[in-house]
Amino acid sequence: MFGIPGKPPVTLTPAAVKQITRLMEKDGQFGLRIGVKKGGCAGMEYTMDYVAEAGAHDEVIEQDGARVLIAPMAQMFLFGTEIDYTTSLLESSFAFNNPNVADACGCGESIKFKDVEELSDAFPDGVPKLS
């Protein structure tokens, strides 16, 4: 995983921790795997799946009882992301506050990531090392 020593690659708000923990307990799952895939009008979409165990190359983040696994192909896109869980009168959903996103579609279902040059500017001392 891309990482900076002492800093988690992904953080969870208290609302996200509560919801992930509830989902893990309700369905007896090991955790929630987060990934990205091609799709949507902006080019990429987040994915979320229950998992019974960690994959060999998953990055595992545990926070206050919640367990999130980052799929290998998504790790570079999710570095620095804060995951929240929001509830309104019409819907409840996870929200990704991701500094690597350059653009999103109007409905919020798909995203476009910054290109390599923009990401390089975000890390003037070089891209974080794989840990």
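A search of the whole structure, which is a predicted model, finds three salt bridges. The table lists each pair with its separation.

| arginine 33 | aspartate 58 | 2.5 Å |

The side chains of arginine 33 and aspartate 58 meet in a salt bridge, with 2.5 Å from N to O. Because arginine 33 belongs to strand S2 (residues 31-38) while aspartate 58 lies in the loop between strand S3 (44-51) and strand S4 (59-63), this pair ties together parts that are 25 residues apart in sequence. Aspartate 58 is buried, its relative accessible area being 13%, whereas arginine 33, at 23% relative accessibility, counts as partly exposed.

Turning to the aromatic side chains, the structure holds two aromatic pairs. The ring centres of tyrosine 46 and phenylalanine 96 are 4.0 Å apart and the ring planes lie at 10 degrees, so this pair is stacked; planes under 30 degrees apart count as stacked. Tyrosine 46 is in strand S3 and phenylalanine 96 is in strand S7 (residues 92-97), and the pair therefore ties together parts that are 50 residues apart in sequence. Tyrosine 46 is partly exposed, with a relative accessible area of 21%, and phenylalanine 96 is buried, with 17%.

The aromatic pair formed by tyrosine 85 and phenylalanine 94 is edge-to-face, with 5.0 Å from centre to centre and 65 degrees between the planes. Tyrosine 85 is buried, at a relative accessible area of 19%, and phenylalanine 94 counts as buried as well, at 18%.

Which strands make up the open sheet, and in what order? Three strands form this open sheet in the order S1-S6-S7, and their pairing is mixed. Strand S1 (10-12) and S7 are the edge strands, each of them pairing on one side only, and from one strand to the next the twist averages 25 degrees. S1 and strand S6 (residues 81-87) run parallel and are joined by three bridges. Leucine 12 stands opposite isoleucine 83 in S6. As a general point, strands of a sheet pair through backbone hydrogen bonds, either parallel or antiparallel.

How far apart should the end C-alpha atoms of helix H1 be? Helix H1 (residues 14-27) has 14 residues and, at 1.5 Å a residue, should span 20 Å, which agrees with the 20 Å between its end C-alpha atoms. The expected span uses one less than the number of residues. The buried residues of H1 are Ala16, Val17, Gln19, Ile20, Thr21, Leu23 and Met24. After H1 comes glycine 28, whose phi is positive, near 60 degrees.

Key
Residues are numbered from 1 along each chain as its sequence is written. This is a predicted model: local features need pLDDT of at least 70, side-chain atom pairs count only at pLDDT 80 or more; totals for chains, interfaces and linings use all residues. Side-chain values use heavy atoms; hydrogens and water are left out. Helices (H or I, at least four residues) and strands (E, at least two) are DSSP runs, numbered from the N terminus. Buried means under 20% relative accessible area, exposed over 50%, partly exposed in between (1.4 Å probe, protein chains only). A salt bridge is a side-chain nitrogen of Lys or Arg within 4 Å of a carboxyl oxygen of Asp or Glu. Rings of Phe, Tyr and Trp (its six-membered ring) pair if their centres lie within 6.5 Å; planes under 30 degrees apart count as stacked, over 60 as edge-to-face and the rest as tilted. Two strands pair if DSSP finds at least two bridges between them. Axes are lines fitted to C-alpha atoms, for helices over the stretch in contact, and angles run from 0 to 180 degrees between N-to-C directions.
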